[in-house]
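Dear colleague,

Please find the sequence and the structure below. A summary of the findings follows them.

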Amino acid sequence: MAQAPAGVSRGASGSLPSLGDNLELAAGAERRIGDRIAASIYRDPDYIDDPVLGDYVQTIWQPLMTAAKARGELNPELAERFAWELFLLRDRSINAFALPGGYFGVHLGLIGAVSSRDELAAVLGHELSHVTQRHISRLITQQARMTPWVIGAMILGALAASKSPQAAEAAIMGGQAVAVQSQLNFSRDMEREADRVGFGVMTDAGFDSRGVGSMFEKLQQASRINDNGSFPYLRSHPLTTERIAEAQARLQLASQNAPARSKAELEESAQARFLHAMMAARARVLADPGVDALRAMVAEAQRQTSAAQATSFEIRNAGVLYAGALAAAKLRDFTLARSLTEKLRTLASGNAHALNTAGLLSLELDLLAGVVPAAVSRIDISKAASRAELLLQARALLAAGRAQEVGDRLLTWVTAHPRDAAAWQLLAVAYGNQNQNVRAIRADAEGRAAQLDYNGALDRLRAAQAMIRSNPGSADFVEGSIIDARTRQLDSLVKEQALQDKLDR
Ligand SMILES: [Zn+2]
C-alpha cells in the first residue's frame, strides 16, 4: 500500500482513507511545501519586488482577504498559518496561480492586460478561493504516492516548464508528463466553486462585479483566437460552457440588485481607472518587452496631444504617458522621460492617488538617471505613507548622504514588517554608509532570512560574531546579544528543516 505523505491526516482507525474522502493535508504540511517553493521563487531572476506595483496589488488583495475572512471562507487558523503572499513575476504572459501554503504568483503580463482593478480582483478572488476552499490540499492529498518533497519539486518543475519549452520537454522526457499535467490542475467542480466563492469575495470587497464579466470576455476572445501561449491562464482555467453560464447568471442577479451609482461613485471609479491605466502601463514596461516595444511606447507617448478630451481618452492617455516616460528612462533618454512625466502630472491634477504615483515616478527617474533627486530637500521620510514611498525616498536620501535619517525610519519599518527583505537590504546600506559594519551585516542577514535563505543568513551572522570577537569595540552589548540570539534561533531552524526534509523525502 502506498505510504501517506507526512502531514496527511489519517482516518480514525489509522488506515489510509480511500480517495474521494474529504481528505485535507494538514495546514502545517502544506505550508512547508509552499515555503520550499517560495524559497526558490525568491532566487528566480524573474521574481520582481517592485514596491510601486506591489503596493497597488495590495490595495486589491487586502480587501479580498478581509472580505474572505468576514464571509467565513477564510478561517482564523488558516489565516494565521499560511503566508498570504503574492509574488510578482516578470513574465509577459497572462497568468496568476495559487501555490501551496497561501503563496500566489501574479505575472506582470496579467496586470498589464487587465483593463481595471475590478478585473484583477476577479482573477485574484478566484485564486484566493482555491486556497481557502483547500483545493490545493485536496490535490496534494490525491498524489498519495508522492512525498511532500517530491510534490514541491514537481510544482517547481512545472513552473519552470511553463516558462521554457525546453524545460517542459525535459520534464516530459523524464517521465514527469503526468505529474506536470496533473499538478495544480483543478477539477471542473473546483473551478466552479472558486468562481462562485471568488465572486462573493470580490463583490463583498467592494469591487464592481462587472469585472468578472469583462475578464471572462477577455478570456473567451483569447480562446477564440486560439491560445498562442500568452494566455497560460486559459490552459489551467478552461472556460467551460457551465462556467460561463453560471457567471452570466450571477452577474444578471447582481445587476438587478445593484443600486444606481451616485455621481461621487462614478467620479471615484474614473479616478481608479486612471490610476489603473498607469499601473498597467508600468507592468508592461517592467515585463521587459524588448527595445522595439519600448521605442513604440515612447513614440506613442510623443504623439499624444494635451488637448482637452473626454474622460476615457484621459484615462488611456495616462497609461500612454506613464509607459512612455518609464520606457524612455529604460532607453536612457531622461530628458524626454521627464517631459512626459510633467505632462502626466498635468493630466493627473485633481486625482490625489494618481498625482502621488506620478510624483514617485519622477523620483524614480532621477534615481535611474543616477542624479541626486531634485525633490530630495522636500522629503520628510518620517512621513512616508506607503512602502513604495518609503523605499524610493530612502534610496533618494541615501544618494544625498542622509543615511542616519534613513536608518532610523527603516528600523521602525522592519520592526513592524520583519519579512520585508528590500527594506532590510536598504537598512544594511544605510548602516554601511555610517561605518556601522556589524549592524550592516546583521541587516543583510535578516534580509536573507526574510526570503527563507536561512543558511545565507547564518553565514552572515557568524561573520558578524567573528567581527565582534576580533574587534570588541565594533558593536555594543545589545547588538552582540541580538546577534547571538538570532544565530541560535536560525541554527535550530536550519537543523529542524533538515530533519523535516528527511521525513518529507
Ligand atoms: Zn481556477
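**Findings**

D288 comes after helix 13 and has a positive phi, near 55°. Helix 13 itself spans residues 263–286; helices (H or I, at least four residues) and strands (E, at least two) are DSSP runs, numbered from the N terminus. Its 24 residues reach 35 Å from the first C-alpha to the last, close to the 34 Å expected at 1.5 Å a residue, where the expected span is 1.5 Å times one less than the number of residues.

This is a predicted model, in which local features need pLDDT of at least 70 and side-chain atom pairs count only at pLDDT 80 or more, while totals for chains, interfaces and linings use all residues. Residues are numbered from 1 along each chain as its sequence is written, and side-chain values use heavy atoms, with hydrogens and water left out.

H126 is buried at 4% relative accessibility, and H237 is buried at 3%; buried means under 20% relative accessible area, exposed over 50% and partly exposed in between (1.4 Å probe, protein chains only).

D195, in helix 9 (residues 188–204), is also buried, at 9% relative accessibility. The D195 side chain makes a polar contact with the side chain of H126 at 2.8 Å. Such a contact is a pair of N or O atoms within 3.5 Å; within protein, one must be able to donate a hydrogen and the other to accept it, and residues adjacent in sequence count only if both atoms are side-chain atoms.

Strand 1

In strand 1 (residues 85–89), five of five residues are buried. E85, F87 and L89 point one way, and L86 and L88 the other way. Strand 1 runs parallel to strand 3 (residues 103–107), and five bridges join them; two strands pair if DSSP finds at least two bridges between them. L88 stands opposite V106 in strand 3.
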